[in-house]
Amino acid sequence: MNIRRQNKSSTASRLALQLRDARVLVVGDVMLDRYWFGEVNRISPEAPVPVVKVDRVEERPGGAANVARNAAALSAKVSLLSVVGRDEAGLCLRRLLKRDRVAASLHEDRSVTTTVKLRVIGRQQQLLRADFETVPSHEVLATKLQDFQRLLKHCDVVILSDYGKGGLAHIARMIALARRHDKPVLVDPKGEDYSRYRGATLVTPNRAELRAVIGSWSSEAALTAKTQILRQRLGLGAVLVTRSEEGMTLFRRGSRLHVPAQAREVYDVSGAGDTVIAVIAVMLAAGQDMESAVRIANRAAGIVVGKFGTAVAQPDELFPPLRKE
Ligand SMILES: Nc1ncnc2c1ncn2[C@@H]1O[C@H](COP(=O)(O)OP(=O)(O)OP(=O)(O)O)[C@@H](O)[C@H]1O
Ligand SMILES: [Mg+2]
């Protein structure tokens, strides 16, 4: 083995160990992505709609659960704190998360139904999506905050995955607690009011999410100026704008880093944002700096957009040197 090859493989094995030691806590709205696939051969006699004869069902963890699953795929130790209903979808999520080696603290709220996004697919196209969702109760959210304080001590990095379903009512308090314990906090934002993300280490809006807050931009210079004002006003360490086919841009104090998109083929972009924040968190927890974390996350996003539905990037796809020879 020549020296260069030896160095490369020892760096790879060191990284593999660091990934295994990385501890990430994910908090946010979980959901179940459910797909019903079937044949369409006739129109219903009841209404002018197709009849789908379902012959295959697929279920995947969605929302914050997809973020957790993406982090766990890189062999990090991942805890997930969230709320589900006392129902079949909640049980299904528990089972899927266990399979994916995510340590799930799921509070059961009898008064809500677990969030489910059901897609009916026939003839290779989505015919219908049906959403089931309700906002968790105040009591359950308060016990969740207590759990957060307990879990915080055992993690290196926190992800707050805000899907706007009400599970992060105490987000400002969570950020303050995490910062007091010196833990980096990464936030995937929703909505127009970012004041509740004040003090976060990194916020990762996509283009539309950022536009809803700073308005549109006519040039890169305008984007930079507006984003830097937002970052400064809210005391954020960094803002990472994910820009779909344009890649992503990281804004920190006095600096801008753009990383172009890497996808070789684009099949399904849903969940790419979940992959991005999960990979950055694992890399930071494994001791990498923000810039390398962003570059690796961009590579991971390029991999998952080439797969069906919400997907994960596996370590051997992301780090070819880790592949067993
Ligand atoms: N069409 C595309 N072509 C190439 N890369 C893409 C494409 N869409 C997404 N990506 C990659 O995935 C990253 C995240 O995608 P995007 O900005 O769409 O996030 P998002 O809207 O939060 O995704 P989602 O909410 O579906 O999880 C991009 O920064 C890029 O690296
Ligand atoms: Mg997103």
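Two strands count as paired if DSSP finds at least two bridges between them. Helices (H or I, at least four residues) and strands (E, at least two) are DSSP runs, numbered from the N terminus. The model shown is predicted: local features need pLDDT of at least 70, side-chain atom pairs count only at pLDDT 80 or more, and totals for chains, interfaces and linings use all residues. Residues are numbered from 1 along each chain as its sequence is written, while chains are lettered from A and ligands numbered from 1 in the order in which they are written.

**View 1. The nine-strand sheet, with β8 and β9 side by side.**
Here 9 strands make an open sheet with mixed pairing, in the order β5-β4-β1-β8-β9-β10-β11-β12-β13. β5 (102-109) and β13 (255-259) sit at the edges with a single partner strand each, so one side of each has no neighbour in the sheet. β8 (residues 157-161) and β9 (residues 185-188) pair in the parallel sense over 4 bridges. Look for Ile 159 opposite Leu 186 in β9, and for Ser 161, whose bridge partner in β9 is Asp 188. α8 packs on this sheet, touching β1, β8, β9, β10 (202-203) and β11 (238-242), and its direction makes about 165 degrees with that of β8. (Axes are lines fitted to C-alpha atoms, for helices over the stretch in contact, and angles run from 0 to 180 degrees between N-to-C directions; contact means C-beta atoms, placed from the backbone, within 7 Å.) Within β9, Val 185 and Val 187 point one way, Leu 186 and Asp 188 the other, and all are buried. A residue is buried if 20 or more other C-beta atoms lie within 10 Å of its own, exposed if 12 or fewer, and partly exposed in between, with C-beta atoms placed from the backbone.

**View 2. β11 and its partners on either side.**
β11 is mostly covered, with 5 of its 5 residues buried. Ala 238, Leu 240 and Thr 242 point one way from the strand, and Val 239 and Val 241 the other. β10 pairs with β11 in the parallel sense over 2 bridges; Val 203 has Val 239 as its bridge partner there. With β12 the pairing is antiparallel, over 5 bridges. The β11-β12 hairpin has 5 residues between the strands, and Ser 244 takes a positive phi near 45 degrees in it.

**View 3. Thr 249 in β12.**
Thr 249 belongs to strand β12 (residues 248-252) and is the bridge partner of Val 241. It counts as buried because it has 20 C-beta neighbours inside 10 Å. Skip its neighbours within four places in sequence, and Thr 249 is in contact with Val 241, Arg 243, Arg 256, Leu 257 and His 258.

**View 4. The nonpolar core around Ala 281.**
A nonpolar core is a set of buried Ala, Val, Leu, Ile, Met, Phe, Trp, Tyr and Cys residues joined through C-beta atoms within 7 Å. The largest one has 83 residues, and those with the most contacts inside it are Val 24, Val 26, Ala 68, Ala 71, Ile 280, Ala 281 and Val 282. Helix α8 (residues 272-285) gives the most to this core, 11 residues. Neighbours within four places aside, Ala 281 is in contact with Val 24, Ala 71, Val 157, Ile 159 and Leu 186.

**View 5. The shell around ligand 1.**
There are 21 residues around ligand 1, and Asn 206, Thr 242, Ala 272, Gly 273 and Ala 301 come nearest (a residue is near a molecule if its C-beta atom, placed from the backbone, lies within 6 Å of it). The elements that give two or more residues to this shell are α8 and α9 (290-304); the largest share, 4 residues, is from α8. By type, the shell splits into 9 nonpolar, 9 polar and 3 charged. (Ala, Val, Leu, Ile, Met, Phe, Trp, Tyr, Cys and Pro count as nonpolar, Asp, Glu, Lys and Arg as charged, and the others, Gly among them, as polar.)

4 strands form an open sheet of mixed pairing, ordered β3-β2-β6-β7. β3 (50-63) and β7 (125-132) are the edge strands, each with a single partner, so one side of each lacks a neighbour in the sheet. β6 (residues 116-122) and β7 run antiparallel, joined by 7 bridges, with Lys 117 opposite Asp 131 in β7. Helix α3 (residues 88-99) packs on the sheet, touching β2, β3 and β6, and makes about 60 degrees with the direction of β3. α2 lies across β2 (30-43) and β3, at about 65 degrees to β3. In helix α2 (residues 64-73), 10 of its 10 residues are buried, and the helix is followed by Ser 75, which has a positive phi near 70 degrees.

Technical notes: Contact = placed C-beta atoms within 7 Å.
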